[in-house]
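This report is written for a reader who is meeting the structure for the first time. Please look over the sequence and the model before reading on.

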Amino acid sequence: MSATVYSLPALPYAYNALEPSISAQIMELHHSKHHQTYVNNLNAALKTYAAATSTGDIAGQIALQGAIKFNGGGHINHSLFWENLAPASSPEAADPQGSAPGLIAAVEQTWGSLADFKAAFAKALLGLQGSGWGWLVRDGQGLRIITTKDQDPVVGGEVPIFGVDMWEHAYYLQYLNGKAAYVENIWKVINWKTAEARFKGGRDDAFKVLKASM
């Protein structure tokens with residue numbers, strides 16, 4: 001049994017493209033160091049897991065589940081995250097109504113207004129204890145806001161529309177302990193066009209970014 005080898009996906013913009021909301025220093029470290037480490041560790045765990053599987057080492061397979069979940073989740077979450085960001089000056093970020101008419105209509109139907117949705121999402125993000133992610137997801141009942149712990153990905157039946165990384169490495173060098181300012185500014189660089197595509201598509205459409213980086 002051979003293991004799938006994953007690689008770090010290229011960003012669809014330059015490291016400084018999201019300034020001033022997210023600094024070039026953070027983006028470079030976050031992408032080239034943190035995400036790369038998740039990819040490296042995932043590949044190592046999958047290689048060892050393949051070897052354990054080929055020899056029937058059940059205990060070894062079980063022991064690797066944590067590493068695969070954590071590093072695999074890190075790779076999934078960050079791959080989705082990069083794609084759901086865009087420069088503030090781009091139409092994708094600057095014009096939610098024009099870039100995501102279907103999603104915005106559903107958001108307004110669920111929360112009353114885009115402003116009320118942003119407030120609810122910010123409350124969920126700032127209510128996270130420790131490290132984790134906040135997500136807007138679509139399921140059979142409609143839109144929901146959920147949070148995941150550490151690098152746990154959205155692995156149920158939900159479609160991740162967009163996520164926000166609330167680990168300290170995503171904001172601390174720029175915002176220090178000012179998480180609320182980070183959350184406020186992240187709205188300026190949300191890629192609503194990508195969000196609309198995920199809203200209209202299925203889980204396979206949302207996760208196709210992973211297949212492209214295999």
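The sections below treat an annotated site, an annotated domain and a group of strands.

## Basis of the report

The structure discussed here is a predicted model.

## The annotated binding site

An unreviewed UniProt entry lists His30, His78, Asp165 and His169 under "binding site". These residues span 140 residues in sequence, yet no two of their C-alpha atoms are more than 12.2 Å apart, so they gather at one spot.

Two members of this group, taken in turn, show how the site is built up from separate elements. His30 belongs to helix α1, which covers residues 24–54, whereas Asp165 is part of strand β3, made up of residues 159–165.

## His30 and Asp165 in their surroundings

With a relative accessible area of 1%, His30 is under the 20% cut-off and therefore counts as buried. Apart from neighbours within four places in sequence, His30 is in contact with His35, His78, Phe81, Trp82, Asp165, His169 and Ala170. Among these partners are His78, Asp165 and His169, which UniProt also lists for the binding site.

Asp165 is likewise buried, its relative accessible area being 0%. With neighbours within four places in sequence again set aside, the contacts of Asp165 are His30, His78, Phe81, Gly132, Trp133, Ala170 and Tyr182. The side chains of Asp165 and His30 are joined by a polar contact of 2.9 Å.

## The annotated N-terminal domain

For residues 6–86, the unreviewed UniProt entry gives "domain: Manganese/iron superoxide dismutase N-terminal". This span is 69% helix and 0% strand, and its end C-alpha atoms lie 24 Å apart.

## The strands

Strand β1 comprises residues 132–139; 7 of its 8 residues are buried, so β1 is largely enclosed by the rest of the structure. Strand β2, residues 142–149, runs antiparallel to β1 and is joined to β1 by 8 bridges. The two strands form a hairpin with 2 residues between them, and Gly134 stands opposite Thr147 of β2.

β1 also pairs with β3, in the antiparallel sense, over 6 bridges. Within this pairing, Leu136 has Phe162 of β3 as its bridge partner. In a regular strand, side chains alternate between the two faces of the sheet.

Definitions and conventions. Residues are numbered from 1 along each chain as its sequence is written. This is a predicted model: local features need pLDDT of at least 70, side-chain atom pairs count only at pLDDT 80 or more; totals for chains, interfaces and linings use all residues. Side-chain values use heavy atoms; hydrogens and water are left out. UniProt positions are given in the numbering used here, feature names are shortened, and annotations may be inferred rather than shown by experiment. Helices (H or I, at least four residues) and strands (E, at least two) are DSSP runs, numbered from the N terminus. Buried means under 20% relative accessible area, exposed over 50%, partly exposed in between (1.4 Å probe, protein chains only). Contact means heavy atoms within 4.5 Å. A polar contact is a pair of N or O atoms within 3.5 Å; within protein, one must be able to donate a hydrogen and the other to accept it, and residues adjacent in sequence count only if both atoms are side-chain atoms. Two strands pair if DSSP finds at least two bridges between them.
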